[in-house]
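Subject: Structure handover

Hi,

Here is the structure for you to look over. Please open it next to this note and check the points below as you read.

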Amino acid sequence: MSPTFTVVIPTYNRAKFIRKAISSVLKQKSKDWKLLIMDDASTDKTRKKVEKYLYHPNVSYYRMEKNSGISKVMNTALTMIDTPYLLQLDSDDWLPKRTLSTIKKYIDKSKPKTALFYGNVKIWRVKRGKYYNPFLVKHKHFRNKYQFLKYNRWMVAPRCYRVTALREVGGWDTSDKYEGRIMEDRRIILRLIEKFPVRYINRKLYNRTKHKGQLTDRKMKRRRNHLRRKTFSHYLKRWGNRYRAVYGYRDGYLVIKRLKKVRRRRR
């Protein structure tokens, strides 16, 4: 019998972090999982770091032929999965021991078509291999798709997806000029939330790191803001132009401050 979850670790040049991510899956209280490590053609010692875990019958490793970006990596993983749920674990993050068992309980008591499960996240700063000053980010339940569209806090995590829902919406979008390398998390959730319910779990289910290697330069911020505006506009139009976005900036990133209802002229 196939397990419930495939934990997918997409990685690119995160050799110094990836063992912590892998170990957190092996230490899960629930053993109802497979682990798929997706290497986006790393040029560091990732393969060497991973090799010691490949003895485990439920752990597998796949290396992309060339560096392709996160969305193409996740779409490749989606073709390889035979479990009902896919949980994405970034290779510099890790899971608390009860993440999978907690999510499994909520799956069992949620609507069958629920496409995404997520919880609260502890953020850790990392410097010289030391983890310090953690703080908790509590996410929220989204009553409708517009609430998620304008949500401008840390991206929700963990992102545990129902595999059939991912396939129904066509997986991750790679049609933009950046080929899905940017903002893949928000964009896949927007694809899902317009068709399916999502479920918030008010438990700490994920540990995320904040470190120097993640800092983005001005060029990357410009790219992200360009894609954010295009994405926001696309979905507002797709959803019937009922609202107009009032934009602002938070930490240099474009956000929707509020949505203004569009008044229709009477004929």
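What follows is a walk through the domains, the cores, the salt bridges and some backbone details.

This is a predicted model.

Domain 1 puts 20 residues into the contact, and domain 2 puts in 20 residues. Together the two domains bury about 2,000 Å² between them. Of that area, 65% is on carbon and sulfur atoms. On the domain 1 side, Tyr146, Leu149 and Met183 lose the most area to domain 2. Those three account for 31% of what that side buries. One salt bridge is counted between domain 1 and domain 2.

The UniProt record, an unreviewed entry, annotates residues 6–135 as "domain: Glycosyltransferase 2-like". Over that stretch the chain is 30% helix and 31% strand. The C-alpha atoms at its ends are 28 Å apart.

Where does the largest nonpolar core lie? The core has 43 residues, and Leu86, Tyr161 and Leu192 have the most contacts inside it. Domain 1 and domain 2 both contribute residues, so this core lies between them. Leu192 touches Ala115, Tyr161, Ala165, Leu166 and Val169, leaving aside residues up to four places away in sequence. A second, separate core has 31 residues. Leu89, Leu95, Leu100 and Tyr206 are among them. As background, nonpolar side chains in soluble globular proteins tend to be buried together.

Helix 3 (residues 70–80) is mostly covered, with eight of its 11 residues buried. The buried set is Ile70, Ser71, Val73, Met74, Asn75, Thr76, Ala77 and Leu78. What do these residues pack against? On the strand side, the partners are strand 1 (5–11), strand 2 (33–39), strand 3 (59–63) and strand 4 (85–88). Helix 6 (163–168) and helix 7 (184–193) are partners too.

Thr99 sits in helix 4 (residues 99–108). Thr99 counts as buried because its relative accessibility is 0%. Its contacts are Gln28, Leu87, Pro158 and Leu205, not counting residues up to four places away in sequence.

**Salt bridges**

The structure holds 11 salt bridges. Here are some to look at.

Asp39 and Arg63 pair through their side chains, at 3.5 Å from N to O. The pair links distant parts of the chain: Asp39 is in strand 2 and Arg63 in strand 3, 24 residues apart. Arg63 is partly exposed, at 41% relative accessibility.

Asp173 forms a salt bridge with Arg187, with the closest N and O atoms 3.0 Å apart. Asp173 is in the loop between helix 6 and helix 7, and Arg187 is in helix 7, 14 residues apart. Arg187 counts as buried because its relative accessibility is 7%.

Asp173 also meets Arg191 in a salt bridge, at 3.6 Å from N to O. Arg191 lies in helix 7 and Asp173 in the loop between helix 6 and helix 7, so this pair ties together parts that are 18 residues apart in sequence. Asp173, Asp176, Arg187 and Arg191 are linked in a network of salt bridges.

Look at Arg238 and Glu194 as well: their side chains meet in a salt bridge, at 2.8 Å from N to O.

**Backbone details**

Most residues other than glycine have a negative phi, and most peptide bonds are trans. Some places here go the other way.

The peptide bond from Ala157 to Pro158 is cis, with omega near -10 degrees. Pro158 belongs to strand 7 (residues 157–162). Pro158 is also one of the residues that Thr99 touches.

Ala41 has a positive phi, near 60 degrees. Ala41 lies in the loop between strand 2 and helix 2 (46–51). At 11% relative accessibility, Ala41 counts as buried.

Met183 has a positive phi of about 60 degrees, although it is not a glycine. Met183 is in the loop between helix 6 and helix 7. At 4% relative accessibility, Met183 counts as buried.

Best wishes

Notes:
Residues are numbered from 1 along each chain as its sequence is written. This is a predicted model: local features need pLDDT of at least 70, side-chain atom pairs count only at pLDDT 80 or more; totals for chains, interfaces and linings use all residues. Side-chain values use heavy atoms; hydrogens and water are left out. UniProt positions are given in the numbering used here, feature names are shortened, and annotations may be inferred rather than shown by experiment. Helices (H or I, at least four residues) and strands (E, at least two) are DSSP runs, numbered from the N terminus. Buried means under 20% relative accessible area, exposed over 50%, partly exposed in between (1.4 Å probe, protein chains only). Contact means heavy atoms within 4.5 Å. A nonpolar core is a set of buried Ala, Val, Leu, Ile, Met, Phe, Trp, Tyr and Cys residues joined through side-chain atoms within 4.5 Å. Domain bounds come from an automatic or database domain assignment. Buried area is the accessible area (1.4 Å probe) that two parts lose on being put together, summed over both. A salt bridge is a side-chain nitrogen of Lys or Arg within 4 Å of a carboxyl oxygen of Asp or Glu.
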